[in-house]
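User: I would like to learn how to read the strands and the aromatic rings of a protein. Could you take me through them with an example?

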Amino acid sequence: MTHTHGAPPPPAPPPSVPAWRLLVTLGGSGALAGLLIVVGFSKSLPRIEANKSAALALAVTEVLKSPARYDTLYLVDNALTRELPAGRAPKGIEKIYRGYDSTGTPTGYAIATVGNGFQDEISLIFGYDPKLKRLLAMKILGHKDTPGLGDKIEKDTAYTSQFGRAKTPLVPVKRGNAKLNDSTNVQTITGATISSKAVIKIINTAISRWDPLLAGVPAAGKGGTK
């Protein structure tokens, strides 16, 4: 190739990099990033679990209407028990919570459950008195429904407060159409009918499942948590 007299020569092409070196570099960077994520998550996991436990304990106290104490009942071999079999860890085992008044008399059960909502699953916890077949309270634990509409199942106190006096099985009715003195009626939310009906269905389904198990609950013990 000829060059114009006095003009600088063209820059030399950059040295070629073998494909294997690029793959090694990219793979190493990806592995390092993955390792950092795993390490960071592992370090934060105990704090996450502790926060979840604290939030659940607060919710249990709330739906049991501030009991003097409560204890945990585990579902093992289709029966509720206060003590786990030897060698069984509590993680992964379904559980509910029994509340007591200051005299040690059981006041009800806190039951956490999950069901389908309008867009995704709704997780909630409710207090329940199986002798009177009535709820004590209800609290939404998590949902992904539309802000300003579906999230009214959590924020609309006119709706949520109804679960503190309703008898089961719950019956959804349009707001303003509840029959006088019908304690099973729960008025749904205008603009969030599907979500508010879903909460009612989730609770009814949970009670249908747990009611037979509650009939065989062991006698109240002196232990417990508060």
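Analyst: Two strands pair if DSSP finds at least two bridges between them, and strands themselves are DSSP runs (E, at least two residues), as helices are (H or I, at least four), numbered from the N terminus. In this predicted model, local features need pLDDT of at least 70 and side-chain atom pairs 80 or more, while totals for chains, interfaces and linings use all residues. Residues are numbered from 1 along each chain as its sequence is written, and side-chain values use heavy atoms, without hydrogens and water.

User: Which residue stands opposite Ala-112?

Analyst: Strands of a sheet pair through backbone hydrogen bonds, either parallel or antiparallel. Here strand E4 (residues 106-116) and strand E5 (residues 121-129) pair in the antiparallel sense over eight bridges, and Ala-112 faces Ile-125 in E5.

User: In what order do the six strands form the open sheet?

Analyst: The order is E2-E1-E3-E4-E5-E6, with antiparallel pairing. Strand E2 (79-81) and strand E6 (134-142) stand at the edges with a single partner strand each, so one side of each has no neighbour in the sheet.

User: How many aromatic pairs does a search of the whole structure find?

Analyst: A pair of aromatic rings is described by the distance of the centres and the angle of the planes. Rings of Phe, Tyr and Trp (its six-membered ring) pair if their centres lie within 6.5 Å, and planes under 30 degrees apart count as stacked, over 60 as edge-to-face and the rest as tilted. The search finds two pairs. The ring centres of Tyr-70 and Tyr-97 are 6.0 Å apart with planes at 90°, so this pair is edge-to-face; Tyr-70 lies in strand E1 (residues 69-76) and Tyr-97 in strand E3 (residues 95-100). For Tyr-159 and Phe-163, the centres are 5.2 Å apart and the planes at 80°, so that pair is edge-to-face.
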